[in-house]
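Visitor: Before we start, please show me the model. I will then ask what stands behind each label.

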Amino acid sequence: MKNIFLLCLLLLLTSCFEVERNCADFKTGEFEFNYTIDGVKKTGRFVRTDTLNIDYYEGKIDSSSVRWINDCEFILKKLNPKTNSERDAIHMKILTTEGTSSYTFEYKLAAKKPNKPLRSEKGVAYRIN
């Protein structure tokens with residue numbers, strides 16, 4: 001009986017925990033994130049306005065349109081895709097925020113491709129400006 005009471009108390013306390021999500025603080029700004037390609041760690045940088053996302057990586061610049069679904073979710077679509085895979089829109093979701101310095105995000109294709117599993121990835125973006 002005592003164990004059931006403790007379990008219920010623990011469940012009650014953990015269910016009251018709410019993840020910080022002040023997504024509106026991250027709608028615009030300049031950010032960095034780390035990623036790995038073929039075992040090599042790299043850093044990317046991007047600048048986001050209300051309607052545009054400009055990526056700077058490996059000496060290249062790439063632009064995407066931004067369409068906000070709500071304060072924490074948006075769709076990125078390349079403005080000048082060079083391949084068919086670049087034509088696919090990306091669904092971005094801010095999962096958690098850390099004050100105004102960083103946020104954890106998840107991204108995946110906005111539309112599922114037939115006969116392929118929908119794969120999502122996570123990352124952390126750090127405000128640099």
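Guide: First, a term: helices (H or I, at least four residues) and strands (E, at least two) are DSSP runs, numbered from the N terminus. Two strands pair if DSSP finds at least two bridges between them. This is a predicted model, in which local features need pLDDT of at least 70, side-chain atom pairs count only at pLDDT 80 or more, and totals for chains, interfaces and linings use all residues. Residues are numbered from 1 along each chain as its sequence is written, and side-chain values use heavy atoms, with hydrogens and water left out.

Visitor: How do you know that β2 and β3 pair?

Guide: Four bridges join β2 to β3 (residues 52-57), in the antiparallel sense. One of the partners is V47, which is bridged to I54 in β3. Three residues separate the two strands, and β2 and β3 form a hairpin.

Visitor: What joins β1 to β2?

Guide: Nine bridges, with β2 covering residues 40-48 and the strands running antiparallel. F31 stands opposite F46 in β2. This hairpin has two residues between its strands, and D38 in the turn has a positive phi of about 50°.

Visitor: What makes the strands a barrel?

Guide: Eight strands close in the order β1-β2-β3-β4-β5-β6-β7-β8, with antiparallel pairing. From one strand to the next the twist averages 35°, where axes are lines fitted to C-alpha atoms, for helices over the stretch in contact, and angles run from 0 to 180 degrees between N-to-C directions. β1 (residues 29-37) and β8 (residues 120-127) pair over three antiparallel bridges. E32 has Y126 in β8 as its bridge partner.

Visitor: Why is the link between C23 and C72 called a disulfide?

Guide: A disulfide is a pair of cysteine sulfur atoms within 2.5 Å, and the S to S distance of C23 and C72 is 2.0 Å. The torsion about their S-S bond is about 90°, so the disulfide is right-handed. C23 lies in the loop between α1 (2-15) and β1, and C72 in the loop between β4 (60-70) and β5 (73-78), 49 residues apart.

Visitor: Why is the ring pair of W68 and F74 called tilted?

Guide: Rings of Phe, Tyr and Trp (its six-membered ring) pair if their centres lie within 6.5 Å; planes under 30 degrees apart count as stacked, over 60 as edge-to-face and the rest as tilted. The centres of W68 and F74 are 4.5 Å apart and the planes at 50°, so the pair is tilted.

Visitor: What sits over the ring of Y56?

Guide: The charged end of R45, 4.2 Å from the ring centre. The rule asks for NZ of Lys or CZ of Arg within 6 Å of the ring centre and within 35 degrees of the ring normal. K27 lies over the face of W68, at 5.0 Å from the ring centre.
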